[in-house]
Amino acid sequence: MDDSQPKYLNSPDSPAFNKSLNLFGLHLAARQKPLEYLIIVEGYMDVITLHQFGFPQAVASLGTSLTEEQAKLMRRYASDVYIAYDGDEAGQKAAMRALDILKDAGCKPKVIQFPNNLDPDEVLKQYGP
């Protein structure tokens with residue numbers, strides 16, 4: 001609840017939950033008809049804020065390590081995917097890695113870059129949609 005790191009602390013994978021096979025918010029994004037595109041972000045709060053600001057197509061990869069399984073899952077719902085990872089160095093490196101993973105899954109990815117190392121949640125709160 002403060003600015004300490006890490007920003008998110010995910011629980012370890014277990015037989016009941018494997019984050020590399022899931023996308024946070026996909027069940028909500030899938031309700032959009034037609035679902036023309038998905039917006040992939042890093043964390044839960046980014047998805048929640050994007051939904052609050054009118055972007056119900058947002059899902060989270062639960063970290064910066066997009067997996068082949070997650071990319072294939074996204075492709076089942078939409079071919080166009082906007083990568084909206086954080087504007088910091090780690091987020092931008094992860095976005096570049098995600099490009100190839102998404103292309104290999106048959107998606108048409110595009111990268112959204114944010115100024116001043118901001119993440120999607122911060123951009124929306126500072127500048128609006």
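In these legends, Ala, Val, Leu, Ile, Met, Phe, Trp, Tyr, Cys and Pro count as nonpolar, Asp, Glu, Lys and Arg as charged, and the others, Gly among them, as polar. The model is predicted: local features need pLDDT of at least 70, side-chain atom pairs count only at pLDDT 80 or more, and totals for chains, interfaces and linings use all residues. Residues are numbered from 1 along each chain as its sequence is written, and side-chain values use heavy atoms, with hydrogens and water left out.

**View A. The second largest pocket has a lining with 11 nonpolar, one polar and no charged residues.** On a 1 Å grid over the protein atoms alone, a pocket is an open set of points where a 1.4 Å probe fits, with protein on both sides within 12 Å along at least five of seven lines; lining residues have an atom within 4 Å of a point. The space in this second largest pocket is about 170 Å³, a volume being the space filled by probe spheres set on the points, which are joined across faces, edges and corners. Residues of the lining include Tyr 37, Ile 39, Leu 50, Phe 55, Phe 114 and Gly 128. Helix 5 (120-127) and strand 1 each supply at least two lining residues; the largest share, three residues, comes from helix 5. Helices (H or I, at least four residues) and strands (E, at least two) are DSSP runs, numbered from the N terminus.

**View B. Four strands form an open, parallel sheet in the order 2-1-3-4.** Strand 2 (58-60) and strand 4 (108-111) are the edge strands, each pairing on one side only. From one strand to the next, the twist averages 30°. Two strands pair if DSSP finds at least two bridges between them; strand 1 (residues 37-41) and strand 3 (residues 80-83) have four, in the parallel sense. Ile 40 is placed opposite Ile 83 of strand 3.

**View C. Asp 80 and Lys 108 form one of the salt bridges.** Their closest N and O atoms are 3.6 Å apart. The structure holds three salt bridges (a side-chain nitrogen of Lys or Arg within 4 Å of a carboxyl oxygen of Asp or Glu).

**View D. Helix 2 (residues 44-52) and helix 5 cross at roughly 35°.** Their axes come within 8 Å; axes are lines fitted to C-alpha atoms, for helices over the stretch in contact, and angles run from 0 to 180 degrees between N-to-C directions. Met 45, Asp 46, Thr 49 and Leu 50 of helix 2 meet Pro 120, Asp 121, Leu 124 and Lys 125 of helix 5, where contact means heavy atoms within 4.5 Å. By class, these residues are four nonpolar, one polar and three charged.

View E. Most residues other than glycine have a negative phi, and most peptide bonds are trans.
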